[in-house]
Amino acid sequence: MQRLILARHGESDLSARGIANGDPARACVLTEAGQDQARRLGDLVADEPLDLCVTSAFSRTQETADLALAGRDVPRLVVPELNDIRFGDFESGAFDDYRAWARSASPTDLPPGDGESRAACVGRYVRGFRTVLARPERSALVVVHGLPIRYVLNALESRPPQPILDQVAYAEPFRLSVDDVATAVDRLEEWAATPAWA
């Protein structure tokens, strides 16, 4: 692998309504605006040579990839380690309620229910990106969620994970070299080994 294009999925029905969804088994289609965003992503990468498209296990990432790559024969790979964070009892509730909890929680705190800590989530993303980096293909479009993309972009600027992060724009391509992604992943792995908010 030499080059990655990271992109968040298009706007989904649940995200448009501010609903937390960290369960890939729950159906979640793109809105009409999200479909337009996915097609625009396709236009933005139309001239890019792509040997692989990576998605998470969520339908919203796969639908985005389908629309962005319509008419192109690009092999797909699902990497569940790049799934969105598990929200526990906040699942299917207001995303703002989860954010309020996350703002005051430590990186190792688990949300009530079968939730996932931010430290565990970062460790999982490290494994997921390492899987992608180890692939034999030269270039890949990686359509996943805002959280893993934001972690990588911030780590490239030497900014460690924070309780609350800026959102990543829907279906916006971020073109990165493998060296850049590897540097970010190394920094995230180091943080996950001894997680603490700065």
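Reader: Which strands does helix α7 lie across?

Author: Helix α7 (residues 178-193) lies across β1 and β5, and runs at about 85° to β5. Angles run from 0 to 180 degrees between N-to-C directions, with axes fitted to C-alpha atoms. Bear in mind that this is a predicted model, where local features need pLDDT of at least 70 and side-chain atom pairs count only at pLDDT 80 or more, while totals for chains, interfaces and linings use all residues. Residues are numbered from 1 along each chain as its sequence is written, and side-chain values use heavy atoms, leaving out hydrogens and water.

Reader: What makes the pair F87 and F95 edge-to-face?

Author: Rings of Phe, Tyr and Trp (its six-membered ring) pair if their centres lie within 6.5 Å; planes under 30 degrees apart count as stacked, over 60 as edge-to-face and the rest as tilted. The centres of F87 and F95 are 6.1 Å apart and their planes are at 90°, so this pair is edge-to-face.

Reader: And why are F90 and Y98 called edge-to-face?

Author: Their centres are 5.7 Å apart and the planes sit at 75°, so that pair is edge-to-face too.

Reader: How do you know whether F87 is buried or exposed?

Author: Buried means under 20% relative accessible area, exposed over 50%, partly exposed in between (1.4 Å probe, protein chains only). F87 has 3%, so F87 counts as buried. F95, at 25%, is partly exposed.

Reader: Which residues form one aromatic cluster?

Author: F87, F90, F95, Y98 and W101 do.

Conventions: Contact = heavy atoms within 4.5 Å. Helix = DSSP H or I, 4+ residues; strand = E, 2+ residues; numbered from the N terminus.
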